[in-house]
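Hi,

Here's the structure I said I'd pass along.

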Amino acid sequence: MNKIKCFTREGYVNYYDSEELVMIPDEYDISKDKIRGVWFSTVENIDLVPFETKEEGMKFIDGVIETYKKYNLNCIVFQVRPTNDAMYRSSINPWSKYLNKDKMEDVDPGFDMFGYLVEKANENNMEVHAWINPYRVTN
């Protein structure tokens, strides 16, 4: 069994509201009809490290794909609209503030993050599903 290293903070992934670590097996049933997936949360930079340059952002996504490949995952459910903004080019929604280190809204990161993730995931035989929060409410 292996621990899963966090992307955005030191340490390993644990179960919600618990100190118990999420462990993944050493061996897998790798048939194509089985989903071995992960949720990738972008809101509040839970799983997304904000970046300053296009190259930093692309390098981060490359690392995410390599990590998921190492863990034999084949499906990513990626949060594309965390707070009525977008992780992709849109004529309707502004760029997400979670893409940049200054948390400024509607700053073009220089590339389509979701498009790039889909491209890299497909090159590595992974499915990608878009996850939206249409009515996110917080206080």
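Before the notes, one term: by a polar contact I mean a pair of N or O atoms within 3.5 Å, where one must be able to donate a hydrogen and the other to accept it. Also keep in mind that this is a predicted model.

Leaving aside residues up to four places away in sequence, His 129 touches Cys 75, Ile 76, Val 77 and Phe 78. Phe 78 is 51 residues from His 129 in sequence, yet their C-alphas are 6.1 Å apart in space.

Phe 78 also takes us to the inside. The largest nonpolar core has 28 residues, and those touching the most other members are Phe 40, Leu 48, Ile 76, Phe 78 and Met 113. At least two core residues come from each of helix H1 (54–70), strand E4 (75–81) and helix H2 (113–123). Met 113 touches Leu 48, Phe 51, Ile 61, Phe 78, Met 87 and Leu 99, again skipping residues up to four places away in sequence.

Last one: Ser 96, in the loop between E4 and H2. Ser 96 counts as buried because its relative accessibility is 0%. Its side chain makes a 3.0 Å polar contact with the side chain of Asp 85.

Cheers

Methods:
Residues are numbered from 1 along each chain as its sequence is written. This is a predicted model: local features need pLDDT of at least 70, side-chain atom pairs count only at pLDDT 80 or more; totals for chains, interfaces and linings use all residues. Side-chain values use heavy atoms; hydrogens and water are left out. A nonpolar core is a set of buried Ala, Val, Leu, Ile, Met, Phe, Trp, Tyr and Cys residues joined through side-chain atoms within 4.5 Å. Buried means under 20% relative accessible area, exposed over 50%, partly exposed in between (1.4 Å probe, protein chains only). Helices (H or I, at least four residues) and strands (E, at least two) are DSSP runs, numbered from the N terminus. Contact means heavy atoms within 4.5 Å.
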